[in-house]
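Q: I am new to this structure, and I would like to learn how to read its features one at a time. Could you show me the model and then take me through it with care?

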Amino acid sequence: MLLSLVKGFKFIDERLDRATFAQMKKDGAFPTGQLPIYIDEDGTQMHHTYAILRFLGRKHGFYNDKDLKESYHVDWALETSLDLWGTKAIY
């Protein structure tokens with residue numbers, strides 16, 4: 001477990017080895033059967049990487065919903081990274 005600090009936001013980065021992940025998945029620990037999972041201060045579990053990133057971006061001032069063009073550029077960057085992962089272009 002690693003306690004990190006970004007822009008005044010503390011969070012715990014917990015990594016799982018394959019055996020632990022497999023057992024936790026078998027036990028039904030993950031709502032969608034996969035990681036990552038973000039647990040907010042109120043205990044709400046969130047999943048799906050880019051939904052979590054957008055949530056945290058809005059919550060901590062990295063994502064400006066008042067400027068639609070800026071929001072578009074954030075979405076464009078996230079979606080482009082998804083395209084690159086899908087094509088394996090980054091390997």
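A: Let us begin with the contacts along the chain, keeping in mind that this is a predicted model. Among the contacts in the chain with a separation of 6 or more, 19% are accounted for by residues 24 or more positions apart.

Q: Which pattern does the chain follow when it is read along the sequence?
A: The chain has three helices and four strands, and along the sequence they follow the pattern β-β-α-β-β-α-α.

Q: Which residues form the largest nonpolar core?
A: A nonpolar core is a set of buried nonpolar residues joined through side-chain atoms, and the largest one in this chain has five residues, namely Phe9, Tyr38, Met46, Ile52 and Leu56. To see how one member is placed, take Ile52, which touches Pro36, Ile37, Tyr38, Met46 and His47, leaving aside residues up to four places away in sequence.

Q: Which residues of helix H2 are buried, and what covers them?
A: The general idea is that an α-helix has 3.6 residues a turn, so residues three or four places apart point the same way. In H2, the buried residues are Tyr50, Ile52, Arg54, Leu56 and Gly57, and what covers them includes S2, S3, strand S4 (45-47) and H3.

Q: Why does Gly57 count as buried, and which residues does Gly57 touch?
A: Gly57, which has its place in helix H2, counts as buried because its relative accessibility is 8%. Not counting residues up to four places away in sequence, Gly57 touches Phe62 and Tyr63, and its C-alpha atom is separated by 9.5 Å from that of Val74, 17 residues apart along the chain.

Q: Where is Ser71 found, and is Ser71 buried or exposed?
A: Ser71 is found in helix H3, which covers residues 68-87, and at 7% relative accessibility this serine counts as buried. With residues up to four places away in sequence left out, Ser71 touches Tyr63, Asn64 and Asp65.

Q: What lines the largest pocket, and what is its volume?
A: The largest pocket has a volume of about 940 Å³ and is lined by 23 residues, of which Ile12, Asp13, Glu14, Ile37 and Tyr38 lie nearest its centre. The elements that give two or more residues to this lining are strand S2 (9-13), strand S3 (37-39) and helix H2 (49-59), and the largest share, five residues, comes from S2. Sorted by class, the lining has 15 nonpolar, two polar and six charged residues.

Conventions: Residues are numbered from 1 along each chain as its sequence is written. This is a predicted model: local features need pLDDT of at least 70, side-chain atom pairs count only at pLDDT 80 or more; totals for chains, interfaces and linings use all residues. Side-chain values use heavy atoms; hydrogens and water are left out. On a 1 Å grid over the protein atoms alone, a cavity is a set of points where a 1.4 Å probe fits but cannot get out, and a pocket is an open set with protein on both sides within 12 Å along at least five of seven lines; lining residues have an atom within 4 Å of a point. Grid points are joined across faces, edges and corners, and a volume is the space filled by probe spheres set on the points. Ala, Val, Leu, Ile, Met, Phe, Trp, Tyr, Cys and Pro count as nonpolar, Asp, Glu, Lys and Arg as charged, and the others, Gly among them, as polar. Buried means under 20% relative accessible area, exposed over 50%, partly exposed in between (1.4 Å probe, protein chains only). Contact means heavy atoms within 4.5 Å. A nonpolar core is a set of buried Ala, Val, Leu, Ile, Met, Phe, Trp, Tyr and Cys residues joined through side-chain atoms within 4.5 Å.
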